[in-house]
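Here are my notes on this one, jotted down while going through the model. Have a look at the structure first, then read the points alongside it.

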Amino acid sequence: MSVTYTKLWHILIDRGMKKKDLKEAAGLTGHAMMKLRTNQDITTETIGKICKALGCQADDIMEFVEE
């Protein structure tokens, strides 16, 4: 199983936000953003920061898919 953050990108589009806006709002590093862009695993701390910044839950921004 792998993870995809497609839902996160849709939320950003719906809110008129850019990836740099998310980076600033959630206090993410460039490395964390790279991991998100390439659908790599991120820490629960990073997921928490994103959810707090966007006012959402983890399942709103990510999902697991069969490989």
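**Leu8 and what surrounds it**

1. Start with leucine 8. Once neighbours within four places in sequence are set aside, leucine 8 is in contact with Leu22, Leu36, Ile50, Leu54, Asp60 and Ile61. Bear in mind throughout that this is a predicted model.

2. Next, how do α2 and α4 pack? Their axes are 9 Å apart, at an angle of about 100 degrees. That falls in the 65 to 115 range, so α2 and α4 are roughly perpendicular to each other. On the α2 side the residues are Leu22, Ala25 and Ala26, and they meet Lys49, Ile50, Ala53 and Leu54 in α4. By class, that contact has six nonpolar residues, no polar ones and one charged.

3. Now put α2 against α3. Helix α2 (residues 19-26) and helix α3 (residues 30-37) have axes that come within 11 Å and cross at roughly 130 degrees. The two helices are therefore oblique to each other, and their crossing is right-handed. Lys19, Leu22 and Lys23 of α2 make the contact with Gly30, Met33 and Arg37 of α3. Sorted by class, the contact of α2 with α3 has two nonpolar, one polar and three charged residues. Note that Leu22 turns up here and also in the contact with α4.

4. Not counting residues up to four places away in sequence, threonine 46 touches Leu28 and Ala32. Glutamate 45 is also found in helix α4, but at 56% relative accessibility glutamate 45 counts as exposed. Between glutamate 45 and glutamate 67 there are 25 Å in space, C-alpha to C-alpha, with the two being 22 residues apart in sequence.

5. Which residues does alanine 58 touch, not counting those up to four places away in sequence? They are Ile47 and Cys51. Alanine 58 lies in helix α5 (residues 58-61) and counts as partly exposed, at 31% relative accessibility.

6. One backbone detail to check by eye is asparagine 39. Most residues other than glycine have a negative phi. Phi of asparagine 39, however, is near 55 degrees, a positive value in a residue other than glycine. Asparagine 39 has its place in the loop between α3 and α4. With 34% relative accessibility, asparagine 39 counts as partly exposed.

Notes: Residues are numbered from 1 along each chain as its sequence is written. This is a predicted model: local features need pLDDT of at least 70, side-chain atom pairs count only at pLDDT 80 or more; totals for chains, interfaces and linings use all residues. Side-chain values use heavy atoms; hydrogens and water are left out. Axes are lines fitted to C-alpha atoms, for helices over the stretch in contact, and angles run from 0 to 180 degrees between N-to-C directions. Helices (H or I, at least four residues) and strands (E, at least two) are DSSP runs, numbered from the N terminus. Angles under 35 degrees count as roughly parallel, over 145 as roughly antiparallel, 65 to 115 as roughly perpendicular and the rest as oblique. A crossing is left-handed if the near helix is turned anticlockwise from the far one by less than a right angle, and right-handed if clockwise. Contact means heavy atoms within 4.5 Å. Ala, Val, Leu, Ile, Met, Phe, Trp, Tyr, Cys and Pro count as nonpolar, Asp, Glu, Lys and Arg as charged, and the others, Gly among them, as polar. Buried means under 20% relative accessible area, exposed over 50%, partly exposed in between (1.4 Å probe, protein chains only).
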